[in-house]
Amino acid sequence: MTDKTTPDNESVTDAPARRGIKSYVLRAGRMTAAQERGLKEVWPRWGLTLADGRQDLEQLFGRKAPCVVEIGFGMGKSLVEQAESHPETDFIGIEVHAPGVGKLLDEADKRGLTNLRVYREDALAVLADCLPEASIDTLQLFFPDPWPKKKHHKRRIVQLPFVELVRSRLEPGGKLHMATDWQAYAEFMAEVMAEAPGFVNTAPAETAPFVERPAFRPLTKFEQRGERLGHGVWDLIYRRD
């Protein structure tokens, strides 16, 4: 199980993302009043679309600051907490599910946050078409759909083309931080990253290829439930060389 879904993992170039295999499944759901408020009232201020084109992040946020991008933020609780805890950092969240986008926007607005922007788009298209090269301090991918059946592994977002696209958007020294509660997927991620050029694993030798959960990564409600049930979580952090 996972509390997040993540976007298409096919062709990743600076051209518009091609339609192909999707690593997420859109699910219909009832909207709460708060979620509807977020989409109707807050979205016009903080929502972004592919049609907005390539962003100038300094202009977008009105300042020069480190930028963290999170793919598949679910209902947005941990991303809102990060944005509130780190006002010196700018955050961009990417999520395809309307209830989660609405919830995050509503909560961020109620907390008076101004360092957060949101895309409700395919993440690969956002990375390829909207975010400049060497502009991101950290890209976060927490609990993506593991697609556990072998025949579905091609749907996993963590593939070499995705990783290479991420590297091009990271600043030199920028980090790709992934986390999953599926050990087999964690090992798969590590295998992909071992083949990816231009990255250095930050894990110490005694825990490599994984790192202990960093204190700056908030525990999600899903992860807290997993901990109570004795489920493991694996974090991987790689630095752009």
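Reply: Helices (H or I, at least four residues) and strands (E, at least two) are DSSP runs, numbered from the N terminus. This is a predicted model, in which local features need pLDDT of at least 70, side-chain atom pairs count only at pLDDT 80 or more, and totals for chains, interfaces and linings use all residues. Residues are numbered from 1 along each chain as its sequence is written, and side-chain values use heavy atoms, with hydrogens and water left out.

An unreviewed UniProt entry places the feature "binding site" at Lys 149, Asp 181, Thr 220, Lys 221, Phe 222 and Glu 223; such annotations may be inferred rather than shown by experiment. Asp 181 sits in the loop between β6 (170–180) and α7. With 18% relative accessibility, Asp 181 counts as buried (under 20% relative accessible area; exposed is over 50%, partly exposed in between, with a 1.4 Å probe and protein chains only). Thr 220 belongs to the loop between β7 (199–201) and α8 (221–228), and its relative accessible area of 7% makes Thr 220 buried as well.

Beyond its neighbours within four places in sequence, Met 178 is in contact (heavy atoms within 4.5 Å) with residues including Val 158, Met 189, Met 193 and Trp 234.
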